[in-house]
Every structure is written in structure tokens, then in C-alpha cells.
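Colleague: I am new to this one. Please take me through the structure, one question at a time.

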Amino acid sequence: PQTILKKKIPYHTVEKIAHVAIKVTDKLLFFVSTRMIELVKNPALQTMHGLTIMMLALILALPLPIPLS
């Protein structure tokens, strides 16, 4: 909307927001960084992961009755 486009934000506020965003992304970097790469590169484990996903998908697709409904 035009009211938001016309609103002025002080540089100091934008600077504070940027500093907080940098701190948050630095802390989140631990969760998104590559760890235990051997669990992803091993062909046998890739097959095992695929079979596990397929088995869980089939279980999820079963027409199970919802209790107490």
C-alpha cells in the first residue's frame, strides 16, 4: 500500500535491525551447515534412506480409521 511506501524509516533503526539479523543468522548457521556428510554420500545408506521414506509414505497413505469419530 501507498501508506507503507511513503513511510520513512530512520537509518539508525535499519542499522539495528541489520545487526540483529546478522546475529540471528550467525546462530542459525550451526543448524544449516553440513554435518555427517558420510550419511548422505554412501550409496548403501542412500538406498536405506529411500526405502525408509517409501515405507513411511505407504504407512501414511493407509486408510486408517480415526478413533472416536
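Colleague: What share of the accessible surface of the protein belongs to carbon and sulfur atoms?
Modeller: This is a predicted model, where local features need pLDDT of at least 70, side-chain atom pairs count only at pLDDT 80 or more, and totals for chains, interfaces and linings use all residues. Residues are numbered from 1 along each chain as its sequence is written, and side-chain values use heavy atoms, leaving out hydrogens and water. Accessible areas come from the Shrake-Rupley method with a 1.4 Å probe, and for residues only the protein chains shown count as cover. The total is about 7100 Å², and the share of carbon and sulfur atoms is 75%.

Colleague: What is the mean pLDDT of the protein?
Modeller: pLDDT is the predictor's confidence in each residue, from 0 to 100. Helix H3 (residues 38-41) is lowest, with a mean of 84, and helix H4 (residues 43-61) is highest, at 95. In the protein, 99% of residues reach 70 or more, and the mean is 90.

Colleague: Which pattern does the protein follow along the sequence?
Modeller: Helices (H or I, at least four residues) and strands (E, at least two) are DSSP runs, numbered from the N terminus. The protein has 4 helices and 0 strands. Read in order, the pattern is α-α-α-α.

Colleague: Why is the protein described as more spread out than a compact globule?
Modeller: The globule rule is 2.2 Å times the number of residues to the power 0.38, and the radius of gyration is taken over C-alpha atoms. For 69 residues the rule gives 11 Å; the protein is well over that, so it is more spread out, with a radius of gyration of 24 Å.

Colleague: Is Phe 31 buried or exposed?
Modeller: Phe 31 sits in helix H2 (residues 11-32). Its relative accessible area is 59%, so Phe 31 is exposed.

Colleague: How far apart are the end C-alpha atoms of H2?
Modeller: The expected span is 1.5 Å times one less than the number of residues. For the 22 residues of H2 that should be 32 Å; the separation in the model agrees, at 30 Å.

Colleague: What separates the C-alpha atoms of Leu 5 and Lys 23, in Å?
Modeller: Leu 5 lies in helix H1 (residues 2-6). Along the chain, Leu 5 and Lys 23 are 18 residues apart, and their C-alpha atoms are separated by 27 Å.

Conventions
Buried means under 20% relative accessible area, exposed over 50%, partly exposed in between (1.4 Å probe, protein chains only).
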